Amino acid sequence: MVSASPPIAEPQSTGRRADARKRRLIGVGRRLGARIVAALVMIWAVATLTFFLVHALPGNPVQVQYETLLSHGVPPAQALKETRIIYGFVSHEPVVNQYGSYLWQLLHLNLGQSISYSGVSVSHLVLAAAPWTVILVLSGLVVSFLLGVLAGAVAAVRRTSKLGDLLSISGSLLHGIPQFVMAVLLAYVFTTLLPVFPFGAPYDITVIPGWNLAYIGSLVSHAVLPVFAYALSSYGGWMLSMKSSVVSVLGDDFVLAAELRGLKPLTQLRYVARNALLPLFTVFALSIGFMFGGSIFIEDVFDYPGLGHLLLSSISARDYPLMSGTFLLITVAVILSNLLADLLYTFIDPRVRGQAS
Amino acid sequence: MRRRQSRDTASETAAGNEDGFEGLRVRDLTIVYGTEAGELAAVRGVDLDLPAGTITGLVGESGSGKSTLALAMLNAVPSPGRITAGSVTMSGVGDITRLRGRALRQVRGGVLGYVFQASQNSLNPLKRVGAQLLDLARSHGVAQPRLILGEAAKLCERMGLDATRVLSSYQHELSGGMRQRVGIVFALVLNAKVLILDEPTTALDMLSQAAVLEVVREIHAERRLATVIITHDIAVVAEMADRMVVTYAGRVVESGTAGDVLRYAAHPYTKALLRSIPRISGDISAAEPLPGRPPDLASIPTVGCVFRERCPLAMPICSDVDPATVSVGPGHTTACHLAAGPLAVPEQSEEVAG
Ligand SMILES: Nc1ncnc2c1ncn2[C@@H]1O[C@H](COP(=O)(O)OP(=O)(O)OP(=O)(O)O)[C@@H](O)[C@H]1O
Ligand code: SF4
Ligand SMILES: [Mg+2]
């Protein structure tokens, strides 16, 4: 729907237009740069916070690790080295050195080593778990977006009818249910009360992973409930924002103008839809953070081996390197999604694009 | 010179025969808004002719139903409003109030060009002007949509706009005055036969206003349009209009050639309206504000003269009987009991009697 500029270009003003375009591009570039820097600063802040959290934990896990190794008869030099591999730093050094060495390791994407899965690097564990979470969160996002936006649009157009009221109520109601409760409810109803969906794990142990129907079918049927737990818990947000957005756009002068100019109903619909969807980018940013956060509860309820699950099990196993690695990754995912939403917004809304210059 | 000519055409057409009428003809139009107090008429029993080649100035206080009437000409009265009686007949098209769907859509924009009271924001903020012109062309089945851009560019240049820049701009990149002019371009680019301008120049300074109206008048004459200008600015009517129609509380209380109505106003409301305007050359203190307040929908009397509560000349009959529309001169009518009675303006009374 982003239209090309009209083909009329008179020679004498081409230069002026090119200039304007260049200025606009510089503006966009500056804005993008600022956003990216802000995101990097946030990631750095979270990494720092994680470092000091682990550092401040009662019982100093780094020191404990070192002493455990010593008590197992590991020579001190060797114990120091192993501790450094696990945490990225050792507590004998001054804090500044520890911090520097931790950041240095992070820059190399080295998150240390897990304690509970001994000998396995945190990066490896986290990367293995991440796809499951990402798939669930993205599917949940798509489903809730489609359901919510559709219902919101209908609720706006039919706002004086019973159907409109009903949809609005559905939005407010679902909006109020916490993710954890939603997950437990779905699990109880659809795996126990009416066992139509399997419980837990991403697929049946009986099927062989690969490009075969049995495996894919199993994946999908296991994913349905957690995806809906995500989707239903953020459906209300989409629905309510879409409704108010459509209502406000329908009241805009340009919508009446489009009608009075005899534009095709489909063209009018496109005008309204695009303008109404635009403000939802802020919801997108909120929603994605909400979903990654919710993975802790939802994956726990459905026993799904994603990042949330990993984070919880690392906490109960006091696996600090794994814990901070997982936490860091979840936060970075949220920050990056927000950045992406923001960049898309800049790209789509010409008014924001214009403001930069 | 040009103006003299078009005025003569106007009076001819107004007096001309019914069948050969070219333009837009409103008959006995009533429009109500559904409110908590029930359905209230915002326009009642209005007759109005917009002949081709004539500029009609429509004036009246805020809330007198001018925009409602204008929207009804496109059969586009917004809900909770609806047309309950009457017809809007366009020559060559038929009764627009009966059109639906595609036929109605083609008439809007294609035959009737409408320039918004709020044409500050009449464009989709997310699309360039040129792209929206292409949408317009495609919606109206123009064989080669791109040609419309050339047509629009010509109109833009005539309006004093840099066409290349405007067509590749978004609405937010244009100033208020530019947007208003672009609104006029959209109304004219498909060769509409009727041009409806609802307070077209409110966002413009005096000089741009004069320039834009001059261009509108030129194009009006070239294309022999039926043009109606809704305005609060009597000076615009005096300058531009061939005919003048005065509305009050949803009724047409007076109509005639602009010159006649301005010089020999017959209706007490028109007289009060004209007295309330400070002349540019005259003394501001000489302007007398209209006493009382314009009625809202709920307080418009349904029996008798709608103006009687503010009329200095009201008589007992005014509360009980609707004043009929009577002729007070050639092509000059008014709806007032006085005009029909012995107190009518002396110069006109002979003609009424005759
Ligand atoms: N949607 C609506 N619902 C109820 N009443 C309405 C609605 N729109 C307009 N009205 C009423 O109808 C009457 C005529 O309104 P309209 O906008 O046609 O007046 P106008 O002459 O164009 O005024 P202005 O000079 O301020 O533009 C007013 O009393 C107004 O309050
Ligand atoms: S009919 Fe009566 S109240 Fe109405 S304008 Fe004439 S004199 Fe005044
Ligand atoms: Mg109006």
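Start by selecting A:Glu259 and B:Arg108: their side chains form a salt bridge, 3.4 Å from N to O (a Lys or Arg side-chain nitrogen within 4 Å of a carboxyl oxygen of Asp or Glu). Across the interface of chain A and chain B, the rule finds 1 salt bridge. You are looking at a predicted model, where local features need pLDDT of at least 70 and side-chain atom pairs pLDDT 80 or more, while totals for chains, interfaces and linings use all residues; side-chain values use heavy atoms, without hydrogens or water. Residues are numbered from 1 along each chain as its sequence is written, with chains lettered from A and ligands numbered from 1 in the order written.

Next, show the whole interface. The contact (heavy atoms within 4.5 Å) takes 34 residues from chain A and 38 residues from chain B. Together the chains bury about 3200 Å², 58% of it on carbon and sulfur atoms; this is the accessible area (1.4 Å probe) that the two parts lose on being put together, summed over both.

Now move to B:Asn124, in the loop between β6 (112–115) and α4 (129–139) of chain B; helices are DSSP runs of H or I with at least four residues, strands runs of E with at least two, numbered from the N terminus. B:Asn124 is buried, with a relative accessible area of 3% (buried means under 20%, 1.4 Å probe, protein chains only). Leaving aside neighbours within four places in sequence, B:Asn124 is in contact with A:Phe254, A:Tyr271, A:Asn275 and B:Gln132. A polar atom of the B:Asn124 side chain lies 3.0 Å from the backbone nitrogen of B:Leu126.

Terms used. Buried means under 20% relative accessible area, exposed over 50%, partly exposed in between (1.4 Å probe, protein chains only). A polar contact is a pair of N or O atoms within 3.5 Å; within protein, one must be able to donate a hydrogen and the other to accept it, and residues adjacent in sequence count only if both atoms are side-chain atoms.
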